[in-house]
Amino acid sequence: MTQTARVYGGSLYELAAEETLTDTIREQMLAVKDLFQENPDYLALLCEPSIAKDERIGLIETAFGNRAERYLVSFLKLLCEKGILREYAGCCEEYTRRYNEDHNIAEAVVTSAVALTDAQTEALKEKLEKKSGKTVVLTQKIDPAVVAGLRVELEGKQLDGTVQGRMSGISRKLADVVI
């Protein structure tokens, strides 16, 4: 994430907090981010310098004017006007980081060879919440290379309980003994 995205995303968060709109704007920001990811040509169009800036800003108003919070629409227009609309995903990341910090939320990513059952997911979520003291939002990833066990990333820390991770640890210990 760039410094520009930190500043703009953080500024939008501060405004949303003052206006008690953090939940609404966060939800809408993520929906717009998904829209841009699903339609990269639309984002490219909004960033195209050969199209007049007023016309691009008009496209934003047409697309989002009656569907999104006015602060978010103005934010999109500002990014377009400044020529930094491609920083939007980073702005979302910073906004979400600030939101999570203020709401005591930790994001965790669990990687396993197969999908976890609902009961396993809930048990893991409870254990991580107890460990972190925060509400945990859990995202699952499937990676057949994991073979068995789980790898969890929580607040920048990696907890590796995979067979692959254990084997690597054993290999390192053996290498230390041999040397």
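Predicted model: local features only at pLDDT ≥ 70, side-chain atom pairs only at ≥ 80, totals over all residues.
Reader: How is the packing of α3 and α4 described, and at what angle do their axes cross?

Author: Two packed helices are described by the angle between their axes and the distance between those axes. Here the axes of α3 (residues 40-47) and α4 (residues 53-64) come within 8 Å and cross at roughly 140°. The two helices are therefore oblique to each other.

Reader: Which residues of α3 and α4 meet?

Author: From α3, the residues are Y42, L45, L46 and C47; from α4, they are R56, L59, I60, A63 and F64. By class, this contact has eight nonpolar residues, one charged and no polar.

Reader: What span should helix α2 have, and what is the distance between its end C-alpha atoms?

Author: At 1.5 Å a residue, the 17 residues of α2 (residues 22-38) should span 24 Å, and the end C-alpha atoms are 24 Å apart, which agrees.

Reader: Which residues of α2 are buried, and which are exposed on the other side?

Author: T22, I25, Q28, M29, V32 and F36 are buried. They cover an arc of only 140° around the axis, which puts them on the same side of α2. On the other side, E27, Q37 and E38 are exposed.

Reader: What do the buried residues of α2 pack against?

Author: Their partners are α1 (3-18), α3, α4, α5 (70-82) and α6 (88-102).

Reader: Is T96 buried or exposed?

Author: T96 is found in helix α6. Its relative accessibility is 11%, and buried means under 20%, so T96 counts as buried. Leaving aside neighbours within four places in sequence, T96 is in contact with R26, L30 and E107.

Methods
Residues numbered from 1 in each chain as written. Heavy atoms only, no water. Axes fitted to C-alpha atoms, helices over the stretch in contact; angles between N-to-C directions. Helix = DSSP H or I, 4+ residues; strand = E, 2+ residues; numbered from the N terminus. Parallel < 35°, antiparallel > 145°, perpendicular 65-115°, else oblique. Contact = heavy atoms within 4.5 Å. Nonpolar A, V, L, I, M, F, W, Y, C, P; charged D, E, K, R; others polar. Expected span 1.5 Å × (residues − 1). Buried < 20%, exposed > 50% of the residue type's maximum accessible area, 1.4 Å probe, protein only. Arc of directions from axis to C-beta.
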